[in-house]
Amino acid sequence: QVQLVESGGGSVQAGGSLRLSCVDSGIIFSLRSMAWYRQAPGKQRELVANIAPSGNTSYADSVKGRFTISRDNARNTVYLQMNSLKTEDTAVYYCNRHLHPVSWGQGTQVTVSS
């Protein structure tokens, strides 16, 4: 069974940075589009960013210019570099396969204080 394990969350002040990591235990990772999602308290889960096997990326308008998604196929890992964090970025962050999600991992909590 495929497992997704997210890490790297924490508590930071507004303006700070965090780097999230997600390891995908499945095979042929390099051929999969991957994505980061987040879910804030009382809100639905939303797509933050995705990255294609080619390396092409796409971002939600709310994070454009501040977040960068990247991947390391040799490590089956996808990253999310988050800069200039805002209080509204506070959420649990999850990774999954874009368009064909598998079971969700536990996520990693990101808390941004003012």
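**Ground rules.** I began with terms: two strands pair if DSSP finds at least two bridges between them. Strands are DSSP runs (E, at least two residues), numbered from the N terminus. I am reading a predicted model, where local features need pLDDT of at least 70, side-chain atom pairs count only at pLDDT 80 or more, and totals for chains, interfaces and linings use all residues. Residues are numbered from 1 along each chain as its sequence is written, and side-chain values use heavy atoms, with hydrogens and water left out.

**Entry 1, a hairpin.** I looked up strand S7 (residues 67–72) and strand S8 (residues 77–82), and found them antiparallel, joined by 6 bridges. Across from threonine 68 I found glutamine 81 in S8. The hairpin of S7 and S8 has 4 residues between the strands, and asparagine 76 there takes a positive phi near 50 degrees.

In what order do the strands of the open sheet of 4 strands stand? I read S1-S3-S8-S7, with antiparallel pairing. Strand S1 (4–7) and S7 are at the edges with a single partner strand each, so one side of each is left without a neighbour in the sheet. I noted an average twist of 15 degrees from one strand to the next (axes are lines fitted to C-alpha atoms, and angles run from 0 to 180 degrees between N-to-C directions).

I then traced an open sheet of 6 strands in the order S2-S10-S9-S4-S5-S6, with mixed pairing. Its edge strands are S2 (10–13) and S6 (57–59), and each pairs on one side only. Here the twist averages 25 degrees from one strand to the next. Inside this order I checked S4 (residues 34–39) and S9 (residues 91–97), which pair in the antiparallel sense over 6 bridges. Alanine 35 stands opposite asparagine 96 in S9.

My rule: rings of Phe, Tyr and Trp (its six-membered ring) pair if their centres lie within 6.5 Å; planes under 30 degrees apart count as stacked, over 60 as edge-to-face and the rest as tilted. How many aromatic pairs does this rule give? I counted 2. Tyrosine 37 and tryptophan 104 are edge-to-face, 5.1 Å centre to centre with 80 degrees between the planes. Tyrosine 37 is in strand S4 and tryptophan 104 in the loop between S9 and strand S10 (108–113), 67 residues apart.

Buried or exposed? I used the cut-offs of under 20% relative accessible area for buried, over 50% for exposed, and partly exposed in between (1.4 Å probe, protein chains only). Tyrosine 37 counts as buried because its relative accessibility is 12%. Tryptophan 104, at 34%, counts as partly exposed.

Tyrosine 94 and tryptophan 104 form an edge-to-face pair too, at 5.9 Å centre to centre and 80 degrees between the planes. Tyrosine 94 counts as buried, at 11% relative accessibility.

A charge sits over a ring if NZ of Lys or CZ of Arg is within 6 Å of the ring centre and within 35 degrees of the ring normal. I found the charged end of arginine 19 over the ring of tyrosine 79, 4.0 Å from its centre. Arginine 71 lies over the face of phenylalanine 29, at 4.7 Å from the ring centre.
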